[in-house]
Amino acid sequence: MANLKKSGRSVNEGSAAKYTATLKDPAGSAVTLSNLTTLEMVLYNQRTGAVINGRGSVSGGNYTFQNVKNLQNVTFHSSSGLLTWNMQPGDNVIVDTTLAPGESETHVAVFKFVYSDGSDTYTDYHTEVFEVEQVRVI
């Protein structure tokens, strides 16, 4: 399984990969699982807006997020704020079937997280943009 890292934000079409990020509050402290009330995501093709692999939905240009709080191949560590998304082959499909081998398209994953610090509740977003390279011979 390949790791998707900021230094190489690309994966091959139909491959599995692992994406990790640490979710932090505005003060820079890690969000903990006990303070996290909601963790959702949407995954879509940047050019067309089409949702990929059922990871959310879109209607009238508005996205609905998929619940991924320790579900749907996404885990959230209890104390470190570490979000791990084990990307499945279906997460890395090519939407534009006219792409030639070696060309790529841009996918966007948006994670929405709602957490509390004990007195207030906050909503924040973490976005990752990555390229999916067409590898199949057409």
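This is a predicted model: local features need pLDDT of at least 70, side-chain atom pairs count only at pLDDT 80 or more; totals for chains, interfaces and linings use all residues.
Five strands make up an open sheet with mixed pairing, and they run in the order β2-β11-β10-β4-β7. The edge positions go to β2 (10-12) and β7 (66-67); each has a single partner strand, so one side of each has no neighbour in the sheet. Further in, β4 (residues 36-45) pairs with β10 (residues 104-116) in the antiparallel sense, over nine bridges. Within that pairing, Tyr 44 has Val 108 as its bridge partner, and Glu 40 sits opposite Lys 112. β4 also pairs with β7, again antiparallel, over two bridges, and here Glu 40 stands opposite Asn 67. β4 is a mostly covered strand, with eight of its ten residues buried. As for Lys 112, it lies over the face of Phe 65, 5.8 Å from the ring centre.

Next comes the core. The largest nonpolar core counts 25 residues, and those touching the most other members are Leu 39, Met 41, Leu 83, Trp 85 and Phe 130. Two or more residues each come from β3, β4, β8 (74-76), β9 (82-87), β10 and β11 (121-133). As a general point, nonpolar side chains tend to be buried together in soluble globular proteins.

In one of them, the ring centres of Trp 85 and Phe 111 are 5.9 Å apart and the planes meet at 75°, so the pair is edge-to-face. This pair links distant parts of the chain, with Trp 85 in strand β9 and Phe 111 in strand β10, 26 residues apart. Trp 85 and Phe 111 are both buried. Ring pairs also bring in Phe 130, making a cluster of Trp 85, Phe 111 and Phe 130. Another pair, Phe 113 with Tyr 115, is stacked, at 5.7 Å centre to centre and 20° between the planes; both of these residues are buried too.

Then there are the charged side chains, which form three salt bridges. Arg 9 and Glu 128 meet at 2.8 Å, N to O. Arg 9 is partly exposed at 37% relative accessible area, whereas Glu 128 is buried at 2%. Arg 47 and Asp 96 form another salt bridge, with the closest N and O atoms 3.3 Å apart. Arg 47 sits in the loop between β4 and β5 (57-59) and Asp 96 in the loop between β9 and β10, so parts 49 residues apart in sequence are tied together. Arg 47 is exposed at 63% relative accessibility, but Asp 96 is buried at 15%. The remaining salt bridge joins Asp 91 to Arg 55, whose closest N and O atoms are 2.6 Å apart. Both Asp 91 and Arg 55 are buried.

Note on methods: Residues are numbered from 1 along each chain as its sequence is written. Side-chain values use heavy atoms; hydrogens and water are left out. Two strands pair if DSSP finds at least two bridges between them. Helices (H or I, at least four residues) and strands (E, at least two) are DSSP runs, numbered from the N terminus. A nonpolar core is a set of buried Ala, Val, Leu, Ile, Met, Phe, Trp, Tyr and Cys residues joined through side-chain atoms within 4.5 Å. Buried means under 20% relative accessible area, exposed over 50%, partly exposed in between (1.4 Å probe, protein chains only). Rings of Phe, Tyr and Trp (its six-membered ring) pair if their centres lie within 6.5 Å; planes under 30 degrees apart count as stacked, over 60 as edge-to-face and the rest as tilted. A charge sits over a ring if NZ of Lys or CZ of Arg is within 6 Å of the ring centre and within 35 degrees of the ring normal. A salt bridge is a side-chain nitrogen of Lys or Arg within 4 Å of a carboxyl oxygen of Asp or Glu.
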